[in-house]
Amino acid sequence: MAGRSIMGRLRGVQVLAFVLGALLVVQPVVAMDYASALEKSLLYFEAQRSGKLPSDQRVSWRGDSALNDGQEQGIDLTGGYYDAGDNVKYGLPMAFTVSMLSWSVIEYRHQLQQSGQLDYALQAIRWGTDYFIKAHPSANVLWGEVGDGDTDHQCWMRPEDMTTSRTAYKIDANNPGSDLAGETAAAMASASIVFKASDPSYSATLLTHARQLFTFADTYRGTYHDSIPIAKKYYQSWSGYNDELLWGAIWLYEATGEAPYLQYVIDNAASLGGTGWALDQFSWDNKYVGVQLKATKILLSGKGGSFTSTLEAYRVKAEYFLCGALQKNSGAQIRKSPGGMFWIQDWNNMQYVTTSAFLLTVASDYYEAAHATLKYCTSSVTNAEMLAAGKEQVDYVLGKNGRGTSYLVGFGASYPQRVHHRAASLPQPVACKEGFERFYYVQSSNPHVIEGAITGGPDANDNYNDQRDEYAMAEPCTYNTAPMVGVFARLSVGSSLASSLPDSSSQTITPLDVIVSSSSLASLQEMGIQSTTHESRLTRSHPIRKAFSGECIAITQHLVEKWAVGRHVYFKNAGKVTNNCKTAIQGTTFVVHGLYGTLWGLEKVGANGNIYTLPHTMPKLAPGQSLDFSYVQQRPFKAQIFVRKACPTCKVGYS
């Protein structure tokens with residue numbers, strides 16, 4: 001990339017636009033009915049209910065299920081939600097789902113009320129928190145899973161008829177799970193805010209559980225999948241538990257206003273990674289960006305006081321994510337598909353699309369309310385632009401894409417028909433294996449439309465295969481839809497920023513629009529159109545000061561070894577950082593995404609984070625000199641390594 005001229009890049013874009021023009025269907029786009037999308041999204045949670053269903057259940061094809069959950073262990077664990085298309089209740093993603101539903105109501109209660117959907121949102125939250133009250137029978141005990149994925153995946157049966165294992169698993173003081181307890185504390189604390197005015201007694205009960213769970217998480221530290229090994233294969237806590245400790249604390253501060261919880265977020269900002277991690281994602285596993293944005297809100301509201309400098313450090317990292325989503329980051333941008341969808345990974349990528357849309361939406365409102373704008377992007381950004389970036393992702397989900405397909409099931413004229421979902425795909429009771437033969441491996445559409453479910457979504461090139469066995473694409477999850485509840489409410493009713501948004505009803509998507517408007521010319525490789533040899537992108541600092549370019553710093557990596565130890569598979573990758581610049585570089589910093597292990601060769605900045613620099617043994621790279629690095633992790637995906645600051649002390653023009 002470093003050697004290409006501007007005209008060369010333009011010619012490349014023209015050729016790419018021509019090629020994509022033959023692949024993408026040009027379709028007129030009609031105005032989105034966000035109110036309908038909101039209604040369907042809340043209906044989805046009724047389809048995911050476990051336990052004894054209420055008389056006002058609206059999804060008629062679902063029935064009572066798992067009525068003996070917990071009986072084997074002598075505790076009532078009925079209720080709660082199935083996480084996705086299977087029949088297992090996983091505590092960590094369920095708690096995140098409730099946290100996101102609660103956050104949606106906290107931010108957009110007025111819009112939900114105006115849309116006539118507030119009561120349904122409250123019911124969805126309470127269905128989860130009622131379960132968590134049961135699952136938390138004493139201060140240092142939390143039941144974290146009912147059923148197991150291994151036996152569940154051997155059968156294709158409705159939850160009403162399942163014969164698979166319903167064993168329950170817990171964490172306690174001897175077998176801790178700070179991530180699970182911390183996330184559940186966040187769910188209970190955020191829900192206590194939701195119910196504080198309408199049901200103060202229930203709110204107080206939730207807050208009591210939240211306090212106990214946070215103390216449990218912080219006092220007895222450990223990763224929950226080590227205490228519940230059966231969960232590791234399906235919901236391993238890759239990010240560890242530090243993010244959930246901060247997440248639980250900052251929600252408890254918002255719920256109580258008590259200074260010690262904010263003090264915890266400040267005192268542990270560096271040691272727990274809150275100001276160390278610069279990320280491109282927010283999910284059931286990794287809560288850092290959520291913590292960073294909520295800390296930024298405190299700063300923007302003028303309540304930072306003596307904590308202002310630490311809160312500003314949180315803001316830097318929050319804006320790393322937001323600027324990356326806007327393709328205006330000084331480090332790595334959030335990658336996009338050719339059609340403009342944020343792209344993080346192959347498996348259920350849509351979860352990252354919906355959480356990103358949520359964060360962009362609430363951030364635009366936070367900054368607007370504070371009469372502030374993003375200040376760490378490479379060029380100025382209005383709050384309306386931030387909201388529009390979130391809306392772009394929402395519209396993609398709803399069908400404003402090259403395929404014209406809505407990935408919100410039941411919305412629009414075209415949506416997935418063969419969703420990977422046991423209850424929706426089975427019209428009648430069947431035996432364990434019979435379900436596969438008669439209803440799984442068939443081409444007919446599901447007999448039940450699971451309205452409001454958001455499937456895993458298309459691949460990096462916007463391709464989608466509507467088959468049940470394509471579970472990475474076809475399986476919906478509760479945490480895909482939960483963030484969209486707030487966003488749909490916000491867009492359906494609006495606020496002062498709504499009038500600033502462009503009217504999409506008269507727009508037409510063309511391949512060239514998709515390419516040029518969604519990404520800068522320098523960002524084409526971030527759209528998934530890149531070679532296996534990665535070259536770092538142009539690195540820029542604050543718009544007022546032009547920085548030394550990092551285009552001439554090349555980063556390459558490749559898989560060198562793969563081995564298995566028992567059920568675990570490990571992948572060793574090796575690579576080089578090469579200085580192709582005209583001058584020596586020093587003080588260079590890198591941001592590393594998707595690393596779940598130790599990295600050798602580069603030196604971490606701070607004890608907890610993902611910013612690295614040249615090692616103290618080689619603090620400077622001469623022109624043409626290379627530095628080797630390597631890392632081992634259990635995921636088959638390579639880490640993404642980008643130049644953040646190429647050479648802070650170098651003069652412009654020497655690259």
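This is a predicted model: local features need pLDDT of at least 70, side-chain atom pairs count only at pLDDT 80 or more; totals for chains, interfaces and linings use all residues.

Reader: How many bridges pair strand S5 with strand S12?

Author: There are 8 bridges between S5 (residues 568-579) and S12 (residues 626-633), in the antiparallel sense. To see one of them, find Thr578, whose bridge partner in S12 is Ser626.

Reader: Which strands are joined to S2?

Author: Strand S1 (residues 89-90) is joined to S2 by 2 bridges, and strand S3 (residues 168-172) is joined to S2 by 5 bridges. Both pairings run antiparallel. Val146 is a handy landmark: it stands opposite Lys89 of S1 and also opposite Ala168 in S3.

Reader: What about helices? Where does Phe132 lie?

Author: Phe132 lies in helix H4, which spans residues 118-135. Its relative accessibility is 3%, so Phe132 counts as buried.

Reader: Which residues does Phe132 contact, apart from its neighbours in sequence?

Author: They are Gly91, Met94, Ala95, Val98, Thr184, Ala187 and Met188, once neighbours within four places are left aside. Take Ala95: Phe132 is 37 residues away from it in sequence, while their C-alpha atoms are 8.3 Å apart in space.

Reader: How much of the protein's contact pattern joins residues at least 24 apart?

Author: Counting contacts between residues at least 6 apart in sequence, 74% join residues at least 24 apart.

Reader: Which residue does the UniProt annotation "active site" cover?

Author: The annotation, from an unreviewed entry, covers His420. In the model, His420 sits in the loop between helix H15 (383-397) and helix H16 (422-425).

Reader: Is His420 buried or exposed?

Author: Its relative accessibility is 8%, so His420 counts as buried. Residues that touch His420 include Gly85, Trp156, Tyr440 and Arg468. With Arg468 there is something specific to look for: the side chain of His420 reaches the backbone oxygen of Arg468 at 2.7 Å.

Reader: How many residues has the largest nonpolar core?

Author: That core has 152 residues, and among those with the most contacts inside it are Trp103, Leu322, Val394 and Phe488. Val394 touches Phe488 itself, along with residues including Tyr34, Ala357 and Leu491. There is also a second, separate core of 23 residues, which includes Ile553, Leu627, Tyr631 and Ala639.

Reader: And the whole protein: how many helices and strands does it have?

Author: It has 20 helices and 13 strands. Of its 655 residues, 61% count as buried. The exposed surface comes to about 24100 Å², with carbon and sulfur atoms supplying 53% of it.

How values were computed:
Residues are numbered from 1 along each chain as its sequence is written. Side-chain values use heavy atoms; hydrogens and water are left out. A nonpolar core is a set of buried Ala, Val, Leu, Ile, Met, Phe, Trp, Tyr and Cys residues joined through side-chain atoms within 4.5 Å. Buried means under 20% relative accessible area, exposed over 50%, partly exposed in between (1.4 Å probe, protein chains only). Contact means heavy atoms within 4.5 Å. UniProt positions are given in the numbering used here, feature names are shortened, and annotations may be inferred rather than shown by experiment. Helices (H or I, at least four residues) and strands (E, at least two) are DSSP runs, numbered from the N terminus. A polar contact is a pair of N or O atoms within 3.5 Å; within protein, one must be able to donate a hydrogen and the other to accept it, and residues adjacent in sequence count only if both atoms are side-chain atoms. Two strands pair if DSSP finds at least two bridges between them. Accessible areas come from the Shrake-Rupley method with a 1.4 Å probe; for residues, only the protein chains shown count as cover.
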